[in-house]
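Hi,

Here is the model I said I would pass on.

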Amino acid sequence: MKIIDMHCDTILGLLEKEQKYQDVSLYANDLCVDIQKLKAGDYLIQNFALFTDQKTLEIPEHQTMKLMDMYYRMLEENQEYIAPVLRYDDIERNAKDGKLSAMLTLEDGGVVFDDLAMLRNYYRLGVRMIALTWNYENGIGFPNLSINDMGTDYKQVNFFQRVDTVNGLTDFGIDYIREMEHLGMIIDVSHLNDAGFYDVLNYTSKPFVASHSNARSICPVARNMSDDMILELAKRGGVMGINFCGDFLALHDQENGPSRISDIIEQIKYIKNLAGIDVIGLGTDFDGINSELEIKDASQMSKLAQALKEEGFSEEEIEKIFYRNALRVYKEVLK
């Protein structure tokens with residue numbers, strides 16, 4: 001069963017390890033994602049996010065460049081196993097050559113100095129998907145979950161707060177998504193607020209994604225998507241990647257609740273019944289979440305496939321969830 005994971009934070013994890021130790025490796029490590037685990041899990045594509053926390057760094061873009069350097073150094077060191085995706089044809093060629101595909105993404109697209117020239121340069125450097133915001137407002141738009149006034153400790157955030165239906169994309173943000181569409185970059189609305197989501201819907205024409213977001217009706221946190229948003233994403237031909245973070249899957253009595261397969265299944269069943277199977281994908285958020293994971297890493301995704309089979313999902317439906325839906329969007333948007 002091939003797999004496309006639309007979101008992980010592994011590159012940041014590798015960079016943090018390199019700053020403390022030597023011999024950091026993408027091939028084998030103690031994170032959730034490495035090449036050995038991806039091969040064991042039969043992955044087709046792993047998206048690697050360059051996550052930059054804009055409020056804790058004097059020049060956030062410097063961090064983004066360090067992460068990008070790490071990404072390309074890791075690919076160069078493992079070029080016999082994994083290769084980048086710049087065009088859709090690269091996916092097919094890499095698979096034919098027996099290699100994994102890596103797609104470079106940004107988490108918080110505000111690292112552009114409010115300048116479309118920088119956006120174009122990120123495209124030239126290989127970025128093919130961008131999450132427009134993280135948990136802070138930026139020059140593009142606003143998040144639902146804002147920690148602007150709550151310090152920098154993500155663990156103290158109240159996940160239930162601030163569903164923002166008022167503040168849409170900025171004028172620059174509208175120009176930004178139009179330029180992304182022109183270039184052939186995939187727009188990612190995870191973390192973006194509700195008003196911004198509808199602006200993306202109104203100012204673009206191609207499919208877009210919510211790379212790591214779940215259904216708000218099942219787990220009522222601001223980071224998840226409303227039923228109407230899911231329905232509109234499905235009508236556009238987009239895909240939402242199921243986030244394995246326990247706090248976004250189901251309600252728990254404590255913070256950093258466990259990530260359980262049964263809760264992943266409930267999310268998938270709900271979204272399928274609401275909007276159809278074609279809108280569902282995977283966006284684990286591996287190496288970016290603190291939950292106790294029942295699917296502990298990329299090598300164990302067969303556990304989810306087996307659970308879906310036991311719940312009555314067909315082979316075709318599981319393939320759509322695991323890779324075909326995301327692949328369809330990649331084929332339509334990437335140039």
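Strand β7 (residues 209-210) pairs with β8 in the parallel sense, over two bridges. A pair here needs at least two DSSP bridges between the strands, and the helices (H or I, at least four residues) and strands (E, at least two) are DSSP runs numbered from the N terminus. A210 has M240 as its bridge partner in β8. Between β7 and β8 the chain passes through helix α8 (residues 227-236), and this β-α-β crossover is right-handed; that is, with the strands pointing away from the viewer, the path from the first strand over the helix to the second runs clockwise. On its other pairing, β8 runs parallel to strand β9 (residues 280-282), with three bridges joining them. There G241 stands opposite G281.

Before going further: this is a predicted model, where local features need pLDDT of at least 70 and side-chain atom pairs count only at pLDDT 80 or more, while totals for chains, interfaces and linings use all residues. Residues are numbered from 1 along each chain as its sequence is written, and side-chain values use heavy atoms, with hydrogens and water left out.

Which way do the residues of strand β8 (residues 239-242) point? V239 and G241 point one way and M240 and I242 the other, and all are buried. Buried means under 20% relative accessible area, exposed means over 50%, and partly exposed is in between (1.4 Å probe, protein chains only). In a regular strand the side chains alternate between the two faces of the sheet.

Strand β1 (residues 3-5) runs parallel to β2, and three bridges join them; I4 has I45 as its bridge partner in β2. I45 also stands opposite S101 in β4, where seven bridges join β2 to β4, again in parallel. Nine of the nine residues of β2 are buried, so β2 is largely enclosed by the rest of the structure.

From β4 the pairing goes on to β5: the two run parallel, joined by four bridges, and T105 stands opposite M129 in β5. The chain gets from β4 to β5 through α5, and this β-α-β crossover is right-handed. β5 is mostly covered, with five of its five residues buried. β5 also pairs in the parallel sense with strand β6 (residues 186-188) over three bridges, with A131 opposite D188.

On to the helices. How does the span of α3 (residues 60-77) compare with what its 18 residues should give? At 1.5 Å a residue α3 should span 26 Å, and its end C-alpha atoms are 26 Å apart, which agrees; the expected span is 1.5 Å times one less than the number of residues. Its buried residues include L67, M70, Y71 and M74. The buried residues of α3 pack against several elements, among them α1 (10-18), β2 (43-51) and β4 (100-107).

Helices α11 (residues 302-310) and α12 (residues 315-333) have axes that come within 10 Å and cross at roughly 145 degrees. Axes are lines fitted to C-alpha atoms, for helices over the stretch in contact, and angles run from 0 to 180 degrees between N-to-C directions. The contact is made by L304, A305, L308 and K309 of α11 and by E315, I318, I321 and F322 of α12, with contact meaning heavy atoms within 4.5 Å.

E107 lies in strand β4 and is buried, with a relative accessible area of 2%. Leaving out residues up to four places away in sequence, E107 touches H7, D9, A49, L50, F51, T52, A131, W134, H191 and H212.

H191, one of those contacts of E107, has a positive phi of about 80 degrees although it is not a glycine. H191 sits in the loop between β6 and α7 (194-203), and at 5% relative accessibility H191 counts as buried. D42 is not a glycine either, and has a positive phi of about 60 degrees. D42 is in the loop between α2 (35-40) and β2 and counts as partly exposed, at 27% relative accessibility.

Beyond its neighbours within four places in sequence, I140 is in contact with G109, G110, L132, L169, T170, F172, G173 and Y176.

Cheers
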